[in-house]
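User: I have a chain open here and would like a quick walk through its fold. Can we start with the terms?

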Amino acid sequence: MRLLAGALALAATALAVPQARASQSMRCNGELVGKGESPLVLLHKCGEPVYRQPVCVPMLQLGWIVLPYRLDGPGAVLANQCVPMEEWTYDRGPGNFLGVVRLYNGAIESVRDGARLR
């Protein structure tokens, strides 16, 4: 049972890694804005985004189910949970990539490049 729980925890960690590959900052008006900063700082440095949208980000959660009269202890369960976030898109000018900032729980969760504008 412990081996199963360890394997499930490792799988949950491995699935979370691709989100960590997003860049951690974006330059606006000569200043950097990055992960962990508040939306107020983002608005001050970059201004209003050209587009805001709510998103539901699936995240793998490891949970435990305790059943009465089970001799081998609680059972581990992996469940895909929807975590509500908001994405703000910034136009960084012709020939540049759009800047996409994901906000979660009152802070910047990630910054990444979007499509390139012509």
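Analyst: A contact means heavy atoms within 4.5 Å. Residues 24 or more positions apart account for 47% of the contacts with a separation of 6 or more. This is a predicted model, where local features need pLDDT of at least 70, side-chain atom pairs count only at pLDDT 80 or more, and totals for chains, interfaces and linings use all residues. Residues are numbered from 1 along each chain as its sequence is written, and side-chain values use heavy atoms, with hydrogens and water left out.

User: What order do the elements run in from the N terminus?

Analyst: The order is α-β-β-α-β-β-β-β, from 2 helices and 6 strands. Helices (H or I, at least four residues) and strands (E, at least two) are DSSP runs, numbered from the N terminus.

User: How do E1 and E2 run?

Analyst: E1 and E2 (residues 31-34) run antiparallel, joined by 4 bridges; pairing needs at least two DSSP bridges. Serine 25 has glycine 34 in E2 as its bridge partner. The hairpin has 2 residues between the strands, and asparagine 29 takes a positive phi near 50°.

User: Switching topic, how many residues are in the largest nonpolar core?

Analyst: That core has 11 residues, including Met26, Leu42, Trp88 and Ile108. Such a core is a set of buried Ala, Val, Leu, Ile, Met, Phe, Trp, Tyr and Cys residues joined through side-chain atoms within 4.5 Å. Buried means under 20% relative accessible area, exposed over 50%, partly exposed in between (1.4 Å probe, protein chains only).

User: Which elements give two or more residues to this core?

Analyst: E1 (25-28), H2 (39-46), E4 (75-90), E5 (97-104) and E6 (107-116) do.

User: And what share of the chain counts as buried?

Analyst: 28% of the 118 residues.
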